[in-house]
Amino acid sequence: MSWEILLLPLPADLTSVDDLPAGHEPPPIGSSSSVHGALRSAVGEVDLTDPTWGELIGPTWAIELGIGEHDPVESVMLHVRGDEDDVLPVIFRISKALGCRPVDCSNGELLADDAQAGWRAFRSFRDRTVASDPLGGPRGNCIGVRDPRNTRVT
């Protein structure tokens with residue numbers, strides 16, 4: 001189970017997605033090559049072997065980046081897994097590098113400096129809804145990375 005964050009190029013002064021005019025169409029983020037370049041500059045360790053689906057592994061978290069096949073790229077979806085708040089600065093660094101605003105798909109709101117509340121709410125929801133294995137531990141294939149050194153998210 002992952003926390004879904006949609007990256008869209010939205011106005012900097014926007015405080016809520018509810019304030020967008022009806023029918024608002026954000027401009028594209030940029031060409032695939034410019035998006036890949038921005039990601040490599042922001043988070044050099046990002047794996048873009050598959051140019052439509054990046055992977056980024058941190059010490060306590062993993063992010064899959066749904067970039068898609070369209071050129072220009074219109075949005076990027078972050079699929080965030082893990083257990084610590086140290087992933088939040090990475091989300092904001094990626095967002096800034098792409099000229100985007102992060103939208104928390106669990107509540108439809110823009111992430112702001114108090115993003116810890118949304119991340120912690122997601123983790124609480126996840127932990128309540130994901131079944132435990134017979135030994136009482138969390139199921140690694142549902143909530144995150146068993147070994148952060150592994151390049152595959154489980």
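**Burial, contacts and packing in a predicted model**

Reader: Where is Pro 72 found?

Author: Pro 72 sits in the loop between strand 3 and strand 4. Helices (H or I, at least four residues) and strands (E, at least two) are DSSP runs, numbered from the N terminus. This is a predicted model: local features need pLDDT of at least 70, side-chain atom pairs count only at pLDDT 80 or more, and totals for chains, interfaces and linings use all residues. Residues are numbered from 1 along each chain as its sequence is written, and side-chain values use heavy atoms, leaving out hydrogens and water.

Reader: What makes the peptide bond from Asp 71 to Pro 72 stand out, cis or trans?

Author: Its omega is near 15°, and the bond is cis. Most peptide bonds are trans.

Reader: How many helices and strands does the protein have, and what pattern do they follow?

Author: There are 4 helices and 6 strands. Along the sequence they run β-α-β-β-β-α-β-β-α-α.

Reader: Why is Ser 32 called buried?

Author: Buried means under 20% relative accessible area, exposed means over 50%, and partly exposed is in between (1.4 Å probe, protein chains only). Ser 32 has 17% relative accessibility, so it counts as buried. This serine lies in helix 1. Beyond residues up to four places away in sequence, Ser 32 touches His 70, Asp 71 and Val 73; contact means heavy atoms within 4.5 Å.

Reader: And what makes Ser 16 buried?

Author: Ser 16 has 12% relative accessibility and therefore counts as buried. Ser 16 is in the loop between strand 1 and helix 1. Glu 109 and Leu 110 touch it, not counting residues up to four places away in sequence. Ser 16 and Leu 110 are 94 residues apart in sequence, yet their C-alpha atoms are 6.2 Å apart in space.

Reader: Why is Glu 4 called partly exposed?

Author: Its relative accessible area is 22%, so Glu 4 is partly exposed. Glu 4 lies in strand 1. Leaving aside neighbours within four places in sequence, its contacts include Met 77, His 79, Val 103 and Asp 104. The C-alpha atoms of Glu 4 and Asp 104 are separated by 6.4 Å, although the two are 100 residues apart along the chain.

Reader: What puts Pro 51 in its accessibility class?

Author: Pro 51 is at 41% relative accessibility, so it counts as partly exposed. Pro 51 lies in the loop between helix 1 and strand 2 (53-57). His 36 and Ile 67 touch Pro 51, not counting residues up to four places away in sequence.

Reader: How much of the protein is buried?

Author: Buried residues make up 42% of the 154 residues.

Reader: Why are helix 1 and helix 2 called oblique?

Author: Helix 1 (residues 32-42) and helix 2 (residues 88-98) pack at about 140°, with axes 9 Å apart. Axes are lines fitted to C-alpha atoms, for helices over the stretch in contact, and angles run from 0 to 180 degrees between N-to-C directions. Under 35 degrees is roughly parallel, over 145 roughly antiparallel, 65 to 115 roughly perpendicular, and the rest oblique. Helix 1 and helix 2 are therefore oblique to each other.

Reader: Which residues in helix 1 and helix 2 meet?

Author: Val 35, Ala 38, Leu 39 and Ala 42 in helix 1 meet Arg 93, Ile 94, Ala 97 and Leu 98 in helix 2. The contact divides into 7 nonpolar, no polar and 1 charged. Ala, Val, Leu, Ile, Met, Phe, Trp, Tyr, Cys and Pro count as nonpolar, Asp, Glu, Lys and Arg as charged, and the others, Gly among them, as polar.

Reader: What makes a set of residues a nonpolar core?

Author: Buried Ala, Val, Leu, Ile, Met, Phe, Trp, Tyr and Cys residues form one when joined through side-chain atoms within 4.5 Å. The largest core has 27 residues, and Ile 63, Leu 65, Ile 91, Ile 94 and Leu 98 touch the most other members. Strand 1 (3-8), helix 1, strand 3 (61-66), strand 4 (76-82) and helix 2 each supply at least two residues of this core. Helix 2 gives the largest share, 5 residues. Apart from this core lies another, of 5 residues, among them Leu 8, Leu 10, Val 103 and Leu 110.

Reader: Which residues is Leu 98 in contact with, leaving aside its neighbours within four places in sequence?

Author: They are Leu 7, Ile 29, Val 35, Ala 38, Leu 39 and Val 76.
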